[in-house]
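Here is a short briefing for a first look at this protein.

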Amino acid sequence: LSTPIEGEIPEQYKGRVNVHLSKLQGQMLGLTIAGGSDKNCPARISKLRPGGLASKSDLLQINDIIACINEVRTARLTHNEIVKFFKDIGDDINLEIEYELPPAVLGMETEYIKQRTTCVSLCRDGISFGFTIRGGQNNYFPEKTRPFVVTYIRNNSPADRSGILKPGDRITHIDNVSLKGLS
């Protein structure tokens, strides 16, 4: 058995997503990392610069683990090797991201917390709606199935300007189509 690495997410709470980013000429990735094998912790996103490609993708969040960059596993790479890899990377970037799954059961209604359903209309700002969701059906590992939950709202995005969506909100339908059973 291997010794767990500090900051690694236990498998039962780990979600994964593959993220493809395509840089346009002169576009900055806008991603800062922390960690590496020499730091005894996995490579994590420590900062997303506003206006950078990584921030605008709405697929990445601070503290996400970068498990793989263009099919190269990062577990044995030092911090400097990972930074150099990002500096030398081309215009097409494929990342395998690991993140902590949202809770399986959302908060219960209490005297102070009321559950409600509301419709939100958003218009894309060219690239995205400005929020990140995590969760969904996991057919390979049913115990990892989670409700779709808003985990991040990008500042000055359509979602932010609506004033309605907040981190922790559950998404049940998109364009009146139920998300139940979807990955």
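From the N terminus on, the elements run β-β-β-α-β-β-α-β-β-β-α-β-β-β. That makes 3 helices and 11 strands. The model is a predicted one.

**Overall form**
- The radius of gyration is 18 Å, close to the 16 Å that the globule rule gives for 183 residues, so the protein is as compact as a globular protein of that length.
- Along the principal axes, the C-alpha trace spans about 50 × 45 × 30 Å.
- Take the contacts between residues at least 6 apart in sequence: 59% of them join residues at least 24 apart.

**Surface and charge**
- Buried residues account for 35% of the 183 residues.
- The accessible surface is about 12,000 Å², and carbon and sulfur atoms hold 52% of it.
- There are 23 positive and 21 negative side chains. The centres of these two sets are 3 Å apart.

**Nonpolar cores**
- The largest nonpolar core has 20 residues. Those that touch the most other members are Leu21, Leu29, Leu31, Leu60, Ile66, Phe86 and Leu95.
- Two or more residues of this core come from each of strand 1 (14-22), strand 2 (31-36), strand 3 (41-48), helix 1 (53-56), strand 4 (65-69), helix 2 (79-88) and strand 6 (92-100).
- Beyond its neighbours within four places in sequence, Leu29 contacts Leu21, Lys23, Gly52, Leu53, Ala54, Phe86 and Ile93.
- A second core is separate and has 7 residues, including Val150, Ile153, Ala159 and Leu179.

Terms used:
Residues numbered from 1 in each chain as written. Predicted model: local features only at pLDDT ≥ 70, side-chain atom pairs only at ≥ 80, totals over all residues. Heavy atoms only, no water. Helix = DSSP H or I, 4+ residues; strand = E, 2+ residues; numbered from the N terminus. Rg over C-alpha atoms; globule rule 2.2 N^0.38 Å. Buried < 20%, exposed > 50% of the residue type's maximum accessible area, 1.4 Å probe, protein only. Contact = heavy atoms within 4.5 Å. Areas by Shrake-Rupley, 256 points an atom, 1.4 Å probe, with all protein chains shown as cover. Lys, Arg positive; Asp, Glu negative; His and termini not counted. Charge placed at Lys NZ, Arg CZ, Asp CG, Glu CD. Core = buried A, V, L, I, M, F, W, Y, C linked by side-chain atoms within 4.5 Å.
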